[in-house]
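These are my notebook entries on a structure that I went through one topic at a time. I wrote down what I looked up and what came back.

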Amino acid sequence: MIADVVPTTTWYLLLSAVLFGIGAMGVLVRRNPLVIFMCIELMLNAVNLSFVALAVRFGDISGQTAVFFVLVVAAAEVVVGLGILVSILRSRPGATADDLAELKG
Amino acid sequence: MELLVFVLASAMVIAGAGGVILSRNPVHAALGLVLTLFGVAVHFVALEAHFLAAVQVIVYAGAIVVLFLFVIMLLGVDRAENIEVEPLKVQRPLAIVIGVGTIGIVAAAVLRVRSTLAQGEPLQSDGDSNIRQLAADLFSDRVFAFELTSVLLIVAVAGTVVMTRRQRASREDDRS
């Protein structure tokens, strides 16, 4: 029966690939720097999902420890990135990624 | 039952991700991000990574998305982005090609190793054994990296404070 089908590691890895691709597309298409940051979060989450799926498959807890470190780095990255964004948008309101070709504030 | 959970959580993840990249308003994109993060947390619960599911909800949905919304409100950039205007004509088709290509390559690799993927001993998942295993790994083998994350967080916070306060300090210097 279809109800007895149990999702395998492959399903999780495929979902993670789709999520990563959507995030990559968003980074390339969107011009609002805030939304680009959100798309980077999507890509990090896709990698986290595949880490956990493979940790369960291999029976190795190290994969879940790696996700913990990815979370810490993602938090630090968002803090620094949004700080840069706040100081840029304060001097140039409404700047898009195309306007930020030079880093000079 | 597992199938139903997987399908529903995957639908949440994909719908949220689509909302992030398609919505014109940054606030709606942030709400789509919340939907995706909750879907990933449901997947973590289904994979019996209970600690990471809790951390996912607390840190990502609780802290990071609130930070995003806070910056959106602070800067007033919640105006809708005009998606019709396109400075670079080739950008959007090229992005779709690259995104679909990435999905295709990774999916092909996953499907190729499907039958040869090693199968280890299942992790213990009764009671609090997940968090015990995680703690034993984190505080024995990875304790140096764990200490380095505290340095990383301090540097990130201090750097952000310095970066965002500089303007006001220079203005006061001009006045005095």
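**Ground rules.** I am working with a predicted model, in which local features need pLDDT of at least 70 and side-chain atom pairs count only at pLDDT 80 or more, while totals for chains, interfaces and linings use all residues. Residues are numbered from 1 along each chain as its sequence is written, chains are lettered from A and ligands numbered from 1 in the order in which they are written, and side-chain values use heavy atoms, with hydrogens and water left out.

**Chain A.** I looked up the secondary structure and found three helices and zero strands in chain A, where helices (H or I, at least four residues) and strands (E, at least two) are DSSP runs numbered from the N terminus. Chain A has 105 residues, and buried ones make up 58% of them; buried means under 20% relative accessible area, exposed over 50%, and partly exposed in between, with a 1.4 Å probe and protein chains only. I also checked contacts (heavy atoms within 4.5 Å), and among those in chain A between residues at least 6 apart in sequence, 55% join residues at least 24 apart.

**Between the chains.** How many residues does the contact take from chain A and from chain B? I noted 72 residues from chain A and 78 residues from chain B. The two chains bury about 6900 Å² between them, 76% of it on carbon and sulfur atoms; buried area is the accessible area (1.4 Å probe) that two parts lose on being put together, summed over both.

**Salt bridges.** I took a salt bridge as a side-chain nitrogen of Lys or Arg within 4 Å of a carboxyl oxygen of Asp or Glu. The count between chain A and chain B is zero, and over all chains it comes to two. In one of them, Asp128(B) meets Arg132(B) at 3.3 Å, N to O; Asp128(B) is partly exposed at 42% relative accessibility, whereas Arg132(B) is exposed at 57%. I also found Arg142(B) bridged to Asp137(B), with the closest N and O atoms 3.5 Å apart. Arg142(B) is partly exposed at 27%, and Asp137(B) counts as buried because its relative accessibility is 8%.

**Rings.** My search of the whole structure gave six aromatic pairs over all chains. Phe139(B) and Phe146(B) form an edge-to-face pair, 5.0 Å centre to centre with 80° between the planes; rings of Phe, Tyr and Trp (its six-membered ring) pair if their centres lie within 6.5 Å, and planes under 30 degrees apart count as stacked, over 60 as edge-to-face and the rest as tilted.

**Phe38(B).** I placed Phe38(B) in helix H2 (residues 26–46) of chain B. Phe38(B) touches Met12(B), Val57(B) and Ala61(B), not counting residues up to four places away in sequence.
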